[in-house]
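Dear colleague,

I am handing over the structure we spoke about, and below it you will find my notes on what turned up. Please read them with the structure open beside you.

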Amino acid sequence: MAEGDALGRVAKPRLYEQLVTLLLGYIESAQLGPGDLLPAERELAQRLGVSRATLVQALVALEVLGVIDVQHGNGAVLVYRPSIATVLKGLREHSNRLPEIVEARSTIEVKLAGLAAARRTDGEMEAIDAALDVMAAEIANGDRGLNGDELFHQAVTAAAHSAVLAQLMTFIAEMVLETRMESLGQPGRPEQSLASHRKIADAIRANDSQAAAEAMQKHIALVSDVDLLK
């Protein structure tokens, strides 16, 4: 079967689920294995008859579940080849737990930001600023800023000097990573997230606990607004 025939065209409803199903069908028909590259996004979007932005969201869904690894400059690399049923089940479970992840982040990270403003050292402020620089450089290079984003939240956590809250963040780290990949996969979101980080950093720099907490709450509300699986 030709690749174009294997991919087919998408029909609503449940566009993301159908896109994921077609992508997995392509992976199967093309006999791709771990380490193999998927076609370029533009080519896949044309074959599926959808916008590139829509396709990116389906790729993010597969990345969240660990099926592919999206590498800047290389494209989407297959990590393993799961069954369609397993992936769809994982997507639905992930969608169902998203509100709880947001709730946990709102409870823990808002408090951490306030504490960081009150307790941070000059060295810890430098670490926060360095994380912002990393994220800005990644975005300028066309990447999503995942590493810089993670470094920023780690630096804020360290500056809070709360061992128990830090342990709680470690406990939910994998789930937060899922939401981070989803959020930064939204068009224009990396730049918005970086601007939001800068507001948090400015409040921490000014030792303004209330402003830092409020900025973090607004940031979490921003990054929790994702199109995936709506």
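Before we come to the residues, a word on classes: Ala, Val, Leu, Ile, Met, Phe, Trp, Tyr, Cys and Pro count as nonpolar, Asp, Glu, Lys and Arg count as charged, and the others, Gly among them, count as polar. Please also keep in mind that this is a predicted model.

A search of the whole structure finds one cavity of 30 Å³ or more, and the space in the largest cavity comes to about 50 Å³. Its lining is made up of R105, D149, H153, V176, T179, R180, S183, L184, H219 and V223, and by class this lining has three nonpolar, four polar and three charged residues. The helices α7, α8 and α10 (209-223) each supply at least two residues of the lining, with α8 giving the most, namely five residues.

For Q31, phi is near 55°, which is a positive value, and Q31 sits in the loop that runs between α2 (15-29) and α3 (41-48). Q31 counts as exposed because its relative accessible area is 67%, and exposed means over 50%.

For H161, phi is likewise positive and near 55°, and H161 is placed in the loop between α7 (146-160) and α8 (163-184). With a relative accessible area of 44%, however, H161 is partly exposed, since that term covers values between 20% and 50%.

With best wishes

Note on methods. Residues numbered from 1 in each chain as written. Predicted model: local features only at pLDDT ≥ 70, side-chain atom pairs only at ≥ 80, totals over all residues. Heavy atoms only, no water. Helix = DSSP H or I, 4+ residues; strand = E, 2+ residues; numbered from the N terminus. Buried < 20%, exposed > 50% of the residue type's maximum accessible area, 1.4 Å probe, protein only. 1 Å grid on protein atoms, 1.4 Å probe; cavity = no way out; pocket = protein on both sides within 12 Å on 5 of 7 lines; lining within 4 Å. Points joined across faces, edges and corners; volume = space filled by probe spheres on them.
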